[in-house]
Amino acid sequence: MSSLAIHLLWLLIHLVISIFFFVLKIANVLESYLISSGFLKKYESINVGKLRYLAVVVDSEDALQINKVIKLVQWLADIGVKHVCLYDNEGILKKSKDIILKNLSCVKLFEEGDEQSLRGKKTMSLEFASQSDGKEALAKAANLLLKKHLKLRSLGENQEEKIFTEAHMTEALRAVGSGGPEPDLLLVYGPVRCHLGFPAWRLRYTEIVHMGPLKSLKYGSLLKAIYKFTLG
Amino acid sequence: METESSVTGGYRRRFTGFLRKCMFSVLSMGPVPNHIAFIMDGNRRYAKKRNLQLGEGHRAGFASLMWILGYCYELGVKYVTIYAFSIDNFKRRPNEVQVLMDLMLEKIDELLKEESLVRQYGIQLYFIGNLKLLSDNVREAVERAMEITAKNNKLVLLICVPYTSTDEILHAVEESCQDKLDHSQAVKQTNGSTDHCNQTSQEDHEHDIKVVDIEKRMYMAAAPDLDILIRSSGETRLSNFLLYQSDKCQLYSPAALWPELGLWHFVWAVLSYQRSYSYFEKKRKQL
């Protein structure tokens, strides 16, 4: 009997929290509307140059809403972000790469050296990543390092210390096609605050911000997140 | 002779302890996290805010850790991981690094005393990281602490010092390469060297390093999946901590500095975890 009472109390606490989040959501929607209508002046000029590389993590189920993804990326291009990495764990965005790029203007697929070649231009470079660029890429890079180690050993030199360095690991990841810069900011579009397996090697000092589920995508909230980052 | 204020203080402590136990019995009606990690950020800012010496900030941080550890134990959390010292921290001023190392030695000694929480609660201490980078006396103290507490099994406290995720991944990659080399050496010795030439490229791929091989060699393989990662001071970076292990865990960044982190932050973290639980279970099953 008392266990039932405690259980009911637990449910009540969670109900109160859900109501609190619902009210918070309404407040965020209002704020987002105010930002995108230009009522809050401070969001009008954002020093977007501070944001060199932005990553967007989308929950794989949300990633099926391709229209929303296209809208989000176009907004980022319009705001002036130069380099974006789109990630979802299962690779749905990677598979829809062509459709996404076809529907965007002033956006091209990421290539090495984009940071130099796109300077001063309006084009944004877009990279696609999935779990194969995370844990699986680390295994592939490990095999590459092992081959290098064996090669050097066959030459008769003990090169262990020289092969297994962070710089060589970064190089090996690039060689297996999962290189790419470390994002300054990572926006998570999904139900929970979690980076969902974004490549660990690139996540060292990235600021992680939770934006909520993709279905409640709002321009104002996006602008606010980028603005807050540029302040810090 | 107890004074009146210490008697009422004692009653107040017992009452708040009772309330806390009630709160935890309500919380445990839902899923309880098994493994929580903490980035204990904000000790230096706390010292500056209160005009204290640098070491006092870290001492206040240690006291906060003991409280949080107590809450974890009472709720039934089995694994607690803390980011005690990053490899990057070696770049700080030498006297600050020395203060931290001296504090660590002092606290390890304190933790191993009879009346400490470690003994009382049966906490196993496990030091995670590139221990070779520690000075000899600290490393000896660390190894002694692990040996003494090895049989404790109520809660495991994993202390990351000195640690970075990239160092951990690199170390795991190096160890798994060595494992593969040892394995193929053993195979050659049993089969004789003539078979080596007949090895096909398919067999080569079977001997490739896989994700599970690397995961087996991570320092953190000693602990189960991470459920919540909490960073105090409102910073949203992971600062090279558990980057590999946090792919399916709730991140939480309360604005409070680490010495100010309290019971309600802890309760809120657990409630947020309970709200996201079904989502993470679904993700884990999809693997």
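**Figure 1. Salt bridge between Glu207(A) and Arg237(B) in the predicted model.** The closest N and O atoms of Glu207(A) and Arg237(B) are 3.0 Å apart. A salt bridge is a side-chain nitrogen of Lys or Arg within 4 Å of a carboxyl oxygen of Asp or Glu. Between chain A and chain B the count is 5 salt bridges.

**Figure 2. Elements of chain A that touch chain B.** Two or more residues each come from α1 (2-36), α6 (135-154), α8 (166-175) and β6 (207-212) of chain A. Helices (H or I, at least four residues) and strands (E, at least two) are DSSP runs, numbered from the N terminus.

**Figure 3. Area buried between chain A and chain B.** About 4300 Å² is buried, with carbon and sulfur atoms giving 65%. On the chain A side, Lys135(A), Phe164(A) and Arg193(A) lose the most area to chain B, together 16% of what that side buries. Buried area is the accessible area (1.4 Å probe) that two parts lose on being put together, summed over both. Contact (heavy atoms within 4.5 Å) joins 46 residues of chain A and 50 residues of chain B.

**Figure 4. Residues 22-40 and 60-85 of chain B, listed by UniProt as "transmembrane region" (unreviewed entry).** UniProt positions are given in the numbering used here, feature names are shortened, and annotations may be inferred rather than shown by experiment. Residues 22-40 of chain B are 32% helix and 26% strand, and their end C-alpha atoms lie 27 Å apart. For residues 60-85 of chain B the values are 62% helix, 19% strand and 16 Å.

**Notes.** Residues are numbered from 1 along each chain as its sequence is written, and chains are lettered from A in the order in which they are written. In this predicted model local features need pLDDT of at least 70, side-chain atom pairs count only at pLDDT 80 or more, totals for chains, interfaces and linings use all residues, and side-chain values use heavy atoms, with hydrogens and water left out.
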